[in-house]
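Work through the exercises below with the sequence and the 3D structure in view. Try each task before reading its solution.

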Amino acid sequence: MKKISIGLWVFFFTTIIWSQKKSPNIILMIGDGMGLTQISSGMYANDNSTALEQFDYIGLSKTASFDKLITDSAASGTAMATGIKTNNKVLGISPDNIHQKSILEICKEKGYKTALIATSSIVHATPASFYAKENSRYNYENIALQLRNHNIDIFIGGGSKYFTTRKDKRNLINEMFEYKFIKSLDELEKSISTKVGYFTYFDEPPSILNGRPANLDLITRTVLNKLSLNKSPFIVVIEGSQIDWGGHDNDSKMVLSEFIDFDSAVKEALEFAKNDGNTLVVVTADHETGGMSLNGGEINNVNIKFNTKSHTGTMVPVFSFGPSSETFSGIYENTQIFYKLRESIK
Ligand code: MG
Ligand code: ZN
């Protein structure tokens, strides 16, 4: 009799430990336009150091879209969010017109808490690819409507004008009565609401060089602390949106400052994961922007050249840490990021 009850206890504990391992938290971080040169020059500009050095595994992701060698952020966001290659400019819909479920939506169905953070507007292509199904990434007011009808627990980004100053005269912020809308990080920390929206700017947020606070690390820490108060696991998608915009402008100072802000958030995510022990952190890019190259100079003052104002087709790195991180080593299509994440929560 005693032997049976010990056996039962062992069974219960093994089941508990096993089931814990089955549902890790996920932090997916996307540096838009963040190729190896953006990382290298950002690292040199940051006292020759980046949080990415601490990751367990590194892979390479092939970024071509369904119709183009050179992807845009809608198609590559869709690839990572839903696991399908689609045409440039399309969000969450396959070339044969089928709406795809995103990893955020799949996690939600499995009882995860969800959060979405961007340093662009929240309706911009990369964050939108995790909740919207739209044939054009530029239908911002439709995309806002889809966020209104989605059930993301915490979202932070710019672009409140697409919710309040619309052609259809609706005020989506008033309609989203289940959300608490806050106006500062301080309020986010104190808020006890389960659903929180934080519009950082009316329009697209400015770059750090033009006055946006370099606080993605604080935002990340606050959101992770808030989500970890729940019993259920969580998935957070965080985008460093403007590394890409620096590339389009061929503005190396902008690329470096935006990378360093993003890197500080990666550091926070990694620290959280190390303490937690059951959090998978994946950091990658949707594509490279600018054909950026590092042409001499000194380690603390590198010479940077760009050879295009557009995106390029080079592979981008994938850094992973935590449970299932080993599955992210190797070379694979960007759609595999979705499948590897989905596999990690089984
Ligand atoms: Mg983006
Ligand atoms: Zn771009």
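Contact means heavy atoms within 4.5 Å. Helices (H or I, at least four residues) and strands (E, at least two) are DSSP runs, numbered from the N terminus. The model is a predicted one, in which local features need pLDDT of at least 70 and side-chain atom pairs count only at pLDDT 80 or more, while totals for chains, interfaces and linings use all residues. Residues are numbered from 1 along each chain as its sequence is written, chains are lettered from A and ligands numbered from 1 in the order in which they are written, and side-chain values use heavy atoms, with hydrogens and water left out.

**Exercise 1. The magnesium site**

Task: name the protein donors of the magnesium ion (ligand 1).

Solution. Step 1: donors are N, O and S atoms within 2.8 Å of the metal (3.2 Å for Na, K and Ca); water is not among the atoms, so sites may look incomplete. Step 3: the spacing of the donor residues in sequence is D-x93-T-x112-E. Step 4: Thr-126 belongs to helix α5 (residues 125-128) and Glu-239 to strand β7 (residues 234-240), so this pair ties together parts 113 residues apart in sequence. Step 5: Thr-126 has a relative accessible area of 2% and is buried; Glu-239, with a relative accessible area of 2%, is buried.

Gly-240 is also in strand β7. With a relative accessible area of 4%, Gly-240 is buried. Leaving out residues up to four places away in sequence, Gly-240 touches Ile-30, Gly-31, Asp-32, Thr-119 and Phe-262.

**Exercise 2. The sheet**

Task: give the strand order and work out which strands stand at the edges.

Solution. Step 1: two strands pair if DSSP finds at least two bridges between them. Step 2: 10 strands make an open sheet with mixed pairing, in the order β5-β6-β4-β3-β7-β1-β8-β13-β2-β14. Step 3: β5 (180-182) and β14 (330-333) each have a single partner strand, so one side of each has no neighbour in the sheet. Step 4: from one strand to the next the twist averages 15 degrees.

Step 1: look at single pairs. Strand β3 (residues 113-121) runs parallel to β7, with six bridges, and Ile-117 has Ile-238 as its bridge partner in β7. Strand β2 (residues 57-62) is antiparallel to β13, with five bridges; here Ile-58 has Phe-319 of β13 as its bridge partner. The pairing of β2 with β14 is parallel, over four bridges, and Gly-59 has Gly-330 of β14 as its bridge partner.

**Exercise 3. Salt bridges**

Task: how many salt bridges are there, and which parts of the chain does the Glu-333 and Lys-62 pair tie together?

Solution. Step 1: a salt bridge is a side-chain nitrogen of Lys or Arg within 4 Å of a carboxyl oxygen of Asp or Glu. Step 2: the count by this rule is 17 salt bridges. Step 3: one of them joins Glu-333 and Lys-62 (3.7 Å, N to O). Glu-333 is in strand β14 and Lys-62 in strand β2, so the pair ties together parts 271 residues apart in sequence. Step 4: Glu-333 is partly exposed at a relative accessible area of 30%, and Lys-62 is partly exposed at 37%. Step 5: Lys-62, Lys-85 and Glu-333 are linked in a network of salt bridges.

Step 2: another salt bridge joins Arg-148 and Glu-175 (3.2 Å, N to O). Arg-148 is in helix α6 and Glu-175 in helix α8, 27 residues apart. Arg-148 is buried at 14% relative accessibility, whereas Glu-175 is partly exposed at 22%.

Notes
Buried < 20%, exposed > 50% of the residue type's maximum accessible area, 1.4 Å probe, protein only. Axes fitted to C-alpha atoms, helices over the stretch in contact; angles between N-to-C directions.
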